[in-house]
Amino acid sequence: MNIIVCIKQVPDTTEVKIDPKTGTLIREGIPVIINPDDKAGIEAAIALKEIYGGQVTVLSMGPPQAESALKEAYAMGADKVFLLTDRAFAGSDTYATSLALAYAIKSDKLKISKNEIKESQICFDLIICGRQAIDGDTAQVGPQIAEHLGLPQISYVTEIEKQDKYLIVKKVFEDEYQKIRIKMPCLLTVLKEMNQPRYMTISRIFDICQKPNIESHKINTVETISIKDIGLEPERTGLNASPTKVKKTMTKGAKSAGKVHECDARESAKLIVDKLKEKFII
């Protein structure tokens, strides 16, 4: 299986600050991690490769510092890692981000083998994205990539099994789950609960920190992709091309202290009902 995993580097904190002029996150000075759902996607892809063979390619769109997340993905077991970065992407919302990622996925840069794959031929079996990023919680980028590429998609996945040209996946809901068969190529968004991501290996940490071995053609470095490499017009991405914009940001107000009531079961039930009526819930 040839699998592409899309990941995002996110702030490792809930104490994020917003630029009041642009409405975008201020990332300077904040510790960062691989988005938890995305990291589960890396683990799922590597596990599938170990069973069925193939290759795992990890792609991230972000500023140059996102390279550290891709190095971690390589050290976990990814075969190739790519950073889609360009100042033209700054301020992109989910639509503009997904469009750029879709262009990158179908570009020559991410083709598995330029000698064996024709220009019009799809070069992957599966795209895996995390359900959502903890710095946005929109859960939109994965499904939007699928729409841009015209692929079938399933979200909220916790299990993946290959069956010939199909995948059998477990899609979870709040109170139930579904087993669904989907034909490849396709896109899945996965939950962090689906697995326990493996640790980086010492040998791969060593590899990613060394210079590429040109003589053996060993790819052990992050390859950078620009907007020119994917053939996307600058006016179709970035803040100005984003359909959604942050109009205003504010700090969430603190809740007032709760009250403790000591009463019997009958009085407790009446108190609960009265409070629900007071808030027009019932």
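## Reading strand E6 and the cores

Val5 stands opposite Val58 in E6.

User: What kind of model is this, and how are residues numbered?

Analyst: It is a predicted model: local features need pLDDT of at least 70, side-chain atom pairs count only at pLDDT 80 or more, and totals for chains, interfaces and linings use all residues. Residues are numbered from 1 along each chain as its sequence is written, and side-chain values use heavy atoms, with hydrogens and water left out.

User: How many helices and strands does the chain have?

Analyst: Helices (H or I, at least four residues) and strands (E, at least two) are DSSP runs, numbered from the N terminus. Here there are 7 helices and 13 strands.

User: Which strands pair with E6?

Analyst: Two strands pair if DSSP finds at least two bridges between them. E1 (residues 2–7) pairs with E6 in the parallel sense over 6 bridges. Strand E7 (residues 80–84) also runs parallel to E6, joined by 5 bridges. Val58 has Val81 as its bridge partner in E7.

User: Which way do the side chains of E6 point, and are they buried or exposed?

Analyst: In a regular strand the side chains alternate between the two faces of the sheet. In E6, Gln55, Thr57, Leu59 and Met61 point one way. Val56, Val58 and Ser60 point the other way, and all are buried. Buried means under 20% relative accessible area, exposed over 50%, partly exposed in between (1.4 Å probe, protein chains only). Because 7 of the 7 residues of E6 (residues 55–61) are buried, the strand is largely enclosed by the rest of the structure.

User: Which residues have the most contacts inside the largest nonpolar core?

Analyst: In soluble globular proteins, nonpolar side chains tend to be buried together. A nonpolar core is a set of buried Ala, Val, Leu, Ile, Met, Phe, Trp, Tyr and Cys residues joined through side-chain atoms within 4.5 Å. The largest one has 37 residues, and those with the most contacts inside it are Val5, Val58, Leu126, Ile128, Ile160 and Leu167. Helix H1 (residues 36–52) gives the most to this core, with 6 residues. A second, separate core has 26 residues, including Phe89 and Ile127.

User: What does Ile160 touch?

Analyst: Contact means heavy atoms within 4.5 Å. Not counting residues up to four places away in sequence, Ile160 touches Ala44, Leu48, Ile128, Leu167, Ile168, Val169, Leu188, Val190 and Met194.

User: Is Ile282 buried or exposed?

Analyst: Ile282 counts as exposed, at 55% relative accessibility. Its place is in the segment after helix H7 (265–278).
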